[in-house]
Amino acid sequence: MRKKTLAVFKFASCDGCQLSLLDCEDELLALAGAIEIAHFPEASRAVMDGPYDLTLVEGSITTAHDAERIKHVRAQSRTLVTIGACATAGGIQALRNFADTAEYLSVVYARPDYIETLASSTSIASHVTVDFELRGCPIDKRQLLEVITSFLHGKRPSITDESLCADCKRADVVCVMVSKGMPCLGPATHTGCGVLCPRHDRACYGCFGPVTAANTGALAERLFQLGMRKDGVKRVFRSFNAGAPAFADESRKHE
Amino acid sequence: MSSRTIEVNYLARVEGEGALHLRIHGDQVEEARLKIFEPPRFFEALLRGRDFREAPDITQRICGICPVAYLMSACHALEGICGVQVDGPLRELRRLLYCGEWIQSHALHVFMLHAPDFLGYQDAVQMAKDHPELVENALRLKKLGNAIMTALGGREIHPINVKVGGFYKTPRRSALLALLDELRWALDAAPTMAQQLSAFEFPEFAQDYEFASLRHDDEYPFNEGRLVSNRGLDVPVSEYDQVFVQHQVEHSTALHTRVAGRGLVHLGPLARYALNYAKLHPQARDVAQRAGLGEVCRNPFQSIVVRFVEIVYALAEAVRVIEAYREPDAPALVVEPRAGTGYGATEAPRGICYQRYTIDDDGSISASKIVAPTSVNQAVIERDLFAFASERTQLSDEALQWQCEQAIRNYDPCISCACHFLRLTVERT
C-alpha cells in the first residue's frame with residue numbers, strides 16, 4: 001500500500017509549532033517510517049510535489065503573496081490542519097489589527113517602502129477551508145501526534161473542546177483564581193496545555209485561545225472584581241489569540 | 001563568456017523563510033545574497049503600551065527554537081531598570097534553563113540540520129537508515145535538553161515559568177536530581193560523538209572575522225558579561241547601541257549590523273569559543289582537544305564541532321548547577337516599576353540577543369529595540385558565500401548550490417528571529 005504523505009508549510013510565525021514535530025524525539029523515526037514526509041523544508045532538502053494527504057500549516061497570513069500561496073497549498077492538500085495560534089487566530093502579530101499598520105512599519109523600519117505587508121494578520125481559515133484547527137502557542141506535541149495518527153487512519157482527532165477549568169479539576173490542581181485571587185483566563189480558554197500555568201502558581205494567560213461559547217463577559221466582570229483595571233482587562237484578551245473573535249470582541253469592550 | 005544563476009527559492013534545514021541568490025559571470029561571482037522574506041511581525045511596535053511584566057512572554061514568541069534567549073534578555077533589561085539583581089539559586093536556575101536551550105537547539109542543528117550535509121543526506125531521517133546510532137543518540141541528547149527546559153519552564157517551547165525577577169515556581173530538588181543520570185550518560189557518550197563529528201571533511205575556509213560575544217569573569221557566558229571582541233571591543237551591554245549600528249537593506253526584512261567605524265561582526269559559537277576558551281569546563285576542553293580544535297577556530301564549517309563542544313559545556317554546567325541546588329525561599333524577587341531605560345544581552349545559541357526597553361513609572365513600555373543574532377550574522381554569511389563560491393565557480397550548479405547552502409547552515413540561521421530576515425539563486429551571466 002502506498003504510504004500517506006505529510007507536508008508542512010510555514011507562514012508568519014516563530015517556527016515553534018513545526019518544531020514540535022521534531023521535538024517528538026521518541027516517535028520521530030517511527031513516524032517517518034509510517035508516513036512519507038513529502039514536504040518539510042525545516043527538516044529536509046528533499047521536497048516532493050503535491051498533492052499531499054495531510055498538510056500542517058503554521059503561521060498567519062500577513063502578506064499579499066502569502067494570501068495567494070495558501071490557496072495553492074489548499075489545492076494540493078487532501079486534508080489541511082492548522083497548527084498553533086498564528087494559523088488558527090492570527091498570532092501575537094494580529095495586534096496590528098487593532099492598530100495602524102503603517103505606523104507600526106515606521107516604528108520598526110527606517111525604509112518602510114522596502115517592506116511588503118498587509119494591514120492585518122489573519123487566520124488560515126479566513127482564507128481557505130480548514131479541516132481541523134489545533135490550538136496553542138505553541139501546540140502540545142501529544143495533541144499533534146493525535147492529530148497526525150487520527151487523520152492518517154481516517155478518524156477525527158479525539159481532542160475535547162472544553163475550558164481549562166475542566167482539566168484543572170481533573171488534575172486536582174487548586175483553582176488559582178478562587179484560592180489566590182489570580183486573574184486567570186482558564187474559564188474562557190480552550191484546554192490542551194496540560195494545566196501548565198496553574199500547576200506553576202500562575203494564572204492562565206490564554207495560549208490555547210477561546211473555548212467554544214466562551215463566556216468572556218462574565219470572566220471580564222470577575223477580573224474587574226479582582227481589581228484589574230480596564231486597560232488590563234483589554235490586554236489579557238489581546239495577546240497570542242487576540243484575533244480569535246471571542247477574545248477580539250471582548251477586548252474591544254474595554255478600549 | 002558563459003553565465004549562470006543559481007537560485008534556491010526556499011532554503012531547507014534552517015528555521016524560517018529565506019533564499020539564496022548567486023550571480024556568476026564566467027568564473028567571477030558578481031553577487032551573493034542571502035534573502036530574507038520571512039514576513040515582519042513588528043514586535044517593537046506591538047510592545048508599546050504593554051506592562052513590562054508582559055514583555056518576556058511576548059518577546060519569546062519571536063522564536064520557538066530559542067525562546068529562553070528572548071525571555072532572559074528581556075528580564076535582564078527590565079530588572080536593570082527596576083534596580084533588581086537576581087542572584088543566588090535563582091541566578092543558577094537561569095543558567096540551568098539556558099543549558100537546556102543550548103543542548104536542545106545545538107543538538108537539533110548539529111545532528112538533524114547540519115550533519116546530513118557532511119554525510120551527503122537530504123535529512124536526518126535518511127541519515128538514520130545508515131547511521132542509526134548517531135541519530136538515536138542525537139535525539140536522546142535533544143530530548144535531554146528539552147527535559148531540562150520542561151523541568152524548569154513547564155514546557156520546551158515558550159516556557160511559562162519565567163518572570164521578571166525570577167520564576168513563578170521553583171523546581172523541587174528531587175525533580176532536578178532526576179535529570180542527572182541522563183546528563184551523565186550524555187557526558188559519557190560525548191567523546192565518541194565528538195569523534196564522529198570531527199572525522200567529517202571540512203572545506204579549507206578559514207576567515208579573518210571580528211568575533212564578538214559576552215565575556216564574564218568567572219563563567220562561559222549565558223546571561224551576563226561585557227561585550228568584547230578580538231579587535232579590542234570591551235564595553236558594558238548598555239553601550240551596545242553605540243558600538244553596533246543597524247541599517248536596512250532592500251533585499252531583507254532583517255536589519256543588517258556593523259561595528260561602528262569598522263566592518264562586520266561574527267556572533268555565535270565560534271566567537272564565544274574564541275573569546276572564552278579558558279572558561280570552558282575541563283570536559284568540554286578535553287572534547288575540543290581530542291577533536292583537533294585549537295583555542296580559536298576560524299573555519300565556519302567546523303562550527304559543527306564547536307557547537308558540540310558547547311553542548312558538552314552545557315551538560316557539565318547543568319550537572320554542576322543541579323548538584324549544588326538548594327530550593328530557594330522565594331521563587332522570585334519583588335520588582336516594582338520605575339521610569340527608565342534598560343539593556344539586556346544574553347547568549348542565544350546563535351549569538352548575542354540584545355534588547356532595550358524604556359518604561360514609564362507605571363511600568364508601561366514606551367519603546368523597545370530587539371536585535372536577533374542572525375540579523376547581525378546575515379551580512380557575514382553573505383561575505384562568506386561570496387568568498388566561498390568565488391573559489392568554486394567550476395563546480396556544477398547542483399554541487400555549488402548544495403555547498404553554498406551548507407555555508408549558510410554553518411551559522412544555524414534562525415530566520416524567524418532575524419526578521420526584522422532568506423532566498424538561493426545562482427545567476428550566471
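**Entry 1: domains of chain A**

Domain bounds here come from an automatic or database domain assignment. I keep in mind that this is a predicted model. For chain A, the assignment gives domain 1 as 5-152 and domain 2 as 164-252. I looked up how far apart the two lie. Taken over C-alpha atoms, the centres of domain 1 and domain 2 of chain A are separated by 25 Å.

Next I checked where they touch. I find 18 residues of domain 1 of chain A in contact with 14 residues of domain 2 of chain A. On the domain 1 side, helix H4 (residues 85-89) of chain A gives the most, with three residues. By class, that side of domain 1 divides into seven nonpolar, nine polar and two charged residues.

**Entry 2: the sheet in chain A**

I traced an open sheet of five strands in chain A, in the order S2-S1-S3-S4-S5. The pairing is parallel. Strand S2 (36-39) and strand S5 (132-134) of chain A are the edge strands, and each pairs on one side only. From one strand to the next, the twist averages 30°.

I then took one pair of strands. S1 (residues 5-10) and S3 (residues 52-58) of chain A run parallel and are joined by five bridges. Which residue of S3(A) is the bridge partner of A:Phe9? I find A:Val57.

I also looked for a helix over these strands. Helix H3 (residues 64-75) of chain A lies across S1, S3 and strand S4 (77-83) of chain A. H3 runs at about 130° to S4(A).

**Entry 3: chain A against chain B**

I turned to the two chains. Here 48 residues of chain A are in contact with 45 residues of chain B. On the chain A side, the elements that give two or more residues are helices H1 (16-22), H2 (28-34), H5 (101-108) and H9 (196-199). H1(A) supplies the largest share of that side, five residues. I sorted the chain A side by class and got 27 nonpolar, nine polar and 12 charged residues.

**Entry 4: a helix pair in chain B**

Last, I looked up H8 (residues 180-198) and H11 (residues 282-290) of chain B. They pack at an angle of about 20°, and their axes are 9 Å apart. Angles under 35 degrees count as roughly parallel, so I log H8(B) and H11(B) as roughly parallel to each other. Their crossing is right-handed.

H8(B) makes the contact through B:Leu187, B:Ala190, B:Pro191 and B:Ala194. H11(B) brings B:Gln283, B:Val287 and B:Arg290. By class, I note five nonpolar, one polar and one charged residues in the contact of H8(B) with H11(B).

Definitions and conventions: Residues are numbered from 1 along each chain as its sequence is written. Chains are lettered from A and ligands numbered from 1 in the order in which they are written. This is a predicted model: local features need pLDDT of at least 70, side-chain atom pairs count only at pLDDT 80 or more; totals for chains, interfaces and linings use all residues. Axes are lines fitted to C-alpha atoms, for helices over the stretch in contact, and angles run from 0 to 180 degrees between N-to-C directions. Helices (H or I, at least four residues) and strands (E, at least two) are DSSP runs, numbered from the N terminus. Angles under 35 degrees count as roughly parallel, over 145 as roughly antiparallel, 65 to 115 as roughly perpendicular and the rest as oblique. A crossing is left-handed if the near helix is turned anticlockwise from the far one by less than a right angle, and right-handed if clockwise. Two residues are in contact if their C-beta atoms, placed from the backbone, lie within 7 Å. Ala, Val, Leu, Ile, Met, Phe, Trp, Tyr, Cys and Pro count as nonpolar, Asp, Glu, Lys and Arg as charged, and the others, Gly among them, as polar. Two strands pair if DSSP finds at least two bridges between them.
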